[in-house]
Amino acid sequence: MTTEPPQPGPPAEGPGTGRGLFDKQQLDRCISCGFCLPACPTYSLTGDEASSPRGRITLMRALETGELPADDPTLAEESSYCLGCRACETVCPAGVEYGQLLEQWRDHQWSGPKRPWIVRLLTALVARPFLLRLQGLVRRHARPSGGGPADGPSLMLGCVERGLYPAVSRAALRLRPELNVPPGQGCCGALHAHNGDSATGKALAEELGRRLPGTLVTTAGGCAAHLAHHLGPDRVREFGDHLHREGHVPAGRVTVDGRPARVGLQDSCHLRNGLGVTRPPRELIAAVAEYVEVPGAGDCCGAAGTYAMLRPADSRAVLDPKLAALAEADLDFVVAVNPGCLRQLRQGLRRTGARARAVHLAELLALAEEDRT
Amino acid sequence: MTAHTERAAGRATPPSERTDTAAEGRTGELADALAALVGREHVRVEPGQLAAYARDATPLFHAPPDVVVFPGSTAEVAAVLRLATERGVPVVPRGAGSNLCAGTVALHGGVMLVLTRLNRVLEISPGELLARVQTGVTTAQLADAAGDAGLLYAPDPGSRTVSTVGGNVATCAGGLRGLKYGVTRNYVLGLEAVLPTGEIVRTGGRLWKDVAGYDLTRLLTGSEGTLAVITEVTVALLPKPADTGTGVAYFDSLADASRAVAAVIAAGVVPATLEFLDRKCIEAVEAFAGLGLRTDAGALLLFGDDGDPSVVAGNLSRIQEVCTAAGALEVTLAENVARADALLAARRCGLPALSRLGSLTILEDATVPRHRLAEMVGRIDEIAERHGLLIATFGHAGDGNLHPTCVVDPDDTGAVERAHQAFGEIFAAALALDGTITGEHGVGAAKLPYLADRLGDDQMALLRRIKHAFDPAGILNPGKLGS
Ligand SMILES: Cc1cc2nc3c(=O)[nH]c(=O)nc-3n(C[C@H](O)[C@H](O)[C@H](O)COP(=O)(O)OP(=O)(O)OC[C@H]3O[C@@H](n4cnc5c(N)ncnc54)[C@H](O)[C@@H]3O)c2cc1C
Ligand code: SF4
Ligand code: SF4
């Protein structure tokens, strides 16, 4: 126990103490006011400062100054326990870009042998173009085509979505046939950036930016935010946002038993918190069905990229209150705007035997479009 | 070196030295004893877990505790304190850690006693106009619970979404409605608190009028976790005002705005809210909230009132007239409640928004009599200029409570040192104008070096005697009040 009175000493963050792991300006910008605490899903589960945004930034500082050794178990645990949902960013008056800090933290925390094997496997797979092509042969996603002018908007196929939910890109193309679907699309690198390899994440984003001319339209909120960060917000658009800006509203309606379907939305964290896109998907749904605002629609569903695979129990703990809110809302459909969220919701709804079906926004709108005929 | 710089140098916290294994052994033993009292899952000892509790919202101070404990009941709080007194181990009570005076930094190590698990609203009694809550309930939760019952919890600190009621009582928090409604102290009817010796005391009760005995409720209110640990709070509520309204007046300079404040009060209007921001604060807040504030003005006054619709409308238009007569560039009223709420929310985040301007943001808190506000603003400007520092100022103009905030580069040790010196001079200026060194943020470790300047040696000695009566072993929040 230390009981001596404190002695005058140099300021805690004196010059030359940093290890250069973090963007120091970002770290310094946080004044530990705690405004972000109520927004954080992991803090609301534990009530422990270490699993709050403010506490995590304090941990990053301790890592940066060397007060905590690099192999400290709490550093490892908290960098992985964080969902990366960036809800903390939207409420931070100081403008701390927590998402960037988390990427830098994971670059350090998950480097080399410390990387979880699932992450290694996934990032290795999606970085192999021929594997992505193979997926297209097995599962029928939208075929590469030149729908519109060469410099017109291109539809990005998404490395995960291509394999898991090929119907999404087909639906997107049905709604907007003029979108180009360039061949040889790789991966945007969001997966890498969020999982401890932001250098590859950046390189892949830039590479994709070169391969896909014009505006990149993506059906994945996570990819949209990552690409926008590296290519600039002007070049990137999430699909719903794109339709909205083009003023395209599907003509038909989605009905169930002759009445308009009751449809709720699950925001994609990165779309909402990273790009601030919240209205377009809601308005599009309202145009084709009865839109129901589910309480907590903006809170993370726990999918959080690879999180649901790496930390299934924690992921469920985040999802459970949402499933309860969805059950309460008595929906026919719940719409996701990101493949990870779609997968998370489908699994959760199945597990609880809920009536509602989870669909991607493009799929729901395509249903309405079909209704026209 | 002036007296103030010597003191300022003492403000920085030394890097902690906790490598000696004997100390670690003792800590392990202490943790085991605490785990037996509150359950293993409510005790933290890993260095990383402790590091997360090394800070509050005060820059330049940090030191990790040796153990973090989350008691779940008053009885557990009592058991922890009894153990600590027996062993002579320091204990730092902590709510949300949003204080700005290093009140929750464990400068002497020991136990961090986190009270956030005590988070239940126990009772709202519309008939008696009161609420009883556990200490860890946030200010916003209390305000919402009161609001749901058609009542108002008047204290409204900027940190309300995070700060706990216990922390508000322990610091006697002020807020945006302070002018008309006063501060936390004016609403605390009764407390349940645990003395460092483990005795549980109940002070006050449920009555507005009760003068039996020394007013221990008031003594504990503002005691900053140095006399007892508050576990339950009974607060007075008010009927919810029928209407509220808010407006903004822009001025060329903060001095002009300060003169307008005096004019408003002289006109016999006491609005609920009278807050000001200088140009730098306006810019920073605008960058966060995007409210369309005029960033070309030198200062703005945010005013608001509540009550009967006709009274509110009358008061707001009177303020509008007075401000215009006092030379306001423009005065506008918020057209609806949403807009008014947005303006108030933006004002609440003045401090964090300022940190957009640079990397190290040091906020201070000084109060002067209202009619000397303009004079004080002038002195702050002069001091900032002389030291070549960027000092932005905002605050509760109606109360004479200013928050001069200095934004510096933390790597520029010269600038950090100059900032400390400047703040020493600002406190001295406040005292010279019959003001005080803190209006609401408290003394903590940050202001302790300046406290004797305000109180004098006799009061300091009395403070220590009171401290000893409550805490004979001196374990509760050492290095703060009463030390
Ligand atoms: C952006 C921002 C805006 C703010 N605005 C205001 C404002 O408008 N007005 C204002 O007055 N303050 C304001 N503050 C300061 C701060 O929020 C208040 O002092 C608040 O009351 C602290 O509450 P807390 O729960 O965070 O307490 P903590 O910071 O955890 O603790 C504060 C002090 O109280 C003691 N303490 C806490 N809980 C207990 C308990 N249960 N029993 C005994 N002692 C206890 C601690 O030991 C410490 O000394 C602001 C802070 C920030 C960051
Ligand atoms: S809200 Fe922003 S400045 Fe405040 S503690 Fe959180 S990250 Fe830091
Ligand atoms: S990203 Fe999400 S989980 Fe992580 S600290 Fe921020 S709010 Fe919490």
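Ala, Val, Leu, Ile, Met, Phe, Trp, Tyr, Cys and Pro are counted here as nonpolar, Asp, Glu, Lys and Arg as charged, and the others, Gly among them, as polar. By these classes, the shell around ligand 2 holds eight nonpolar, two polar and one charged residues.

## Basis of the model

This is a predicted model, in which local features need pLDDT of at least 70, side-chain atom pairs count only at pLDDT 80 or more, and totals for chains, interfaces and linings use all residues. Residues are numbered from 1 along each chain as its sequence is written, chains are lettered from A and ligands numbered from 1 in the order in which they are written, and side-chain values use heavy atoms, with hydrogens and water left out.

A residue is taken as near a molecule if one of its heavy atoms lies within 4 Å of it. Around ligand 2 stand A:C30, A:I31, A:S32, A:C33, A:G34, A:F35, A:C36, A:R54, A:I57, A:C92 and A:A94.

Ligand 3 has 13 residues around it, of which A:C40, A:C82, A:C85, A:R86 and A:C88 come nearest. Helix 2 (41-46), helix 3 (53-65) and helix 5 (87-91) of chain A are the elements that give two or more residues to this shell; helices are DSSP runs (H or I, at least four residues), numbered from the N terminus. The shell around ligand 3 comprises nine nonpolar, two polar and two charged residues.

## Ligand 1 between the chains

Ligand 1 is situated between chains A and B. Of the 38 residues around ligand 1, the nearest are B:P93, B:G95, B:S98, B:S159 and B:T164.

Several polar contacts (pairs of N or O atoms within 3.5 Å) involve oxygen atoms of ligand 1. An N or O atom in the side chain of B:N99 is 2.7 Å from an oxygen atom of ligand 1. A polar backbone atom of B:E224 is 3.1 Å from an oxygen atom of the ligand, and a polar side-chain atom of B:N477 is 3.2 Å from an oxygen atom of ligand 1.

## Helices 16 and 20 of chain A

Helix 16 (residues 279-288) and helix 20 (residues 361-371) of chain A pack at about 25°, with their axes 10 Å apart. Axes are lines fitted to C-alpha atoms over the stretch in contact, and angles run from 0 to 180 degrees between N-to-C directions. The two helices are therefore roughly parallel to each other, where angles under 35 degrees count as roughly parallel, over 145 as roughly antiparallel, 65 to 115 as roughly perpendicular and the rest as oblique.

Their crossing is left-handed, meaning that the near helix is turned anticlockwise from the far one by less than a right angle, whereas clockwise is right-handed. In contact (heavy atoms within 4.5 Å) are A:P281, A:L284, A:I285 and A:V288 of helix 16 with A:L361, A:L364, A:L365 and A:A368 of helix 20. This contact has eight nonpolar, no polar and no charged residues.

## Two further helix pairs of chain A

Helix 18 (residues 312-329) and helix 19 (residues 339-351) of chain A pack at about 70°, with their axes 10 Å apart, which makes helix 18 roughly perpendicular to helix 19. Helix 18 passes helix 19 in a right-handed crossing. The residues of their contact divide into five nonpolar, three polar and three charged.

Helix 4 (residues 73-81) and helix 6 (residues 98-109) of chain A pack at about 130°, with their axes 10 Å apart, and are therefore oblique to each other. A:L75, A:A76, A:E78, A:S79 and A:S80 of helix 4 meet A:L102, A:W105, A:R106 and A:Q109 of helix 6. The contact of helix 4 with helix 6 has four nonpolar, three polar and two charged residues.

Notes. Polar contact = N/O pair within 3.5 Å; in protein donor to acceptor, adjacent residues only side chain to side chain.
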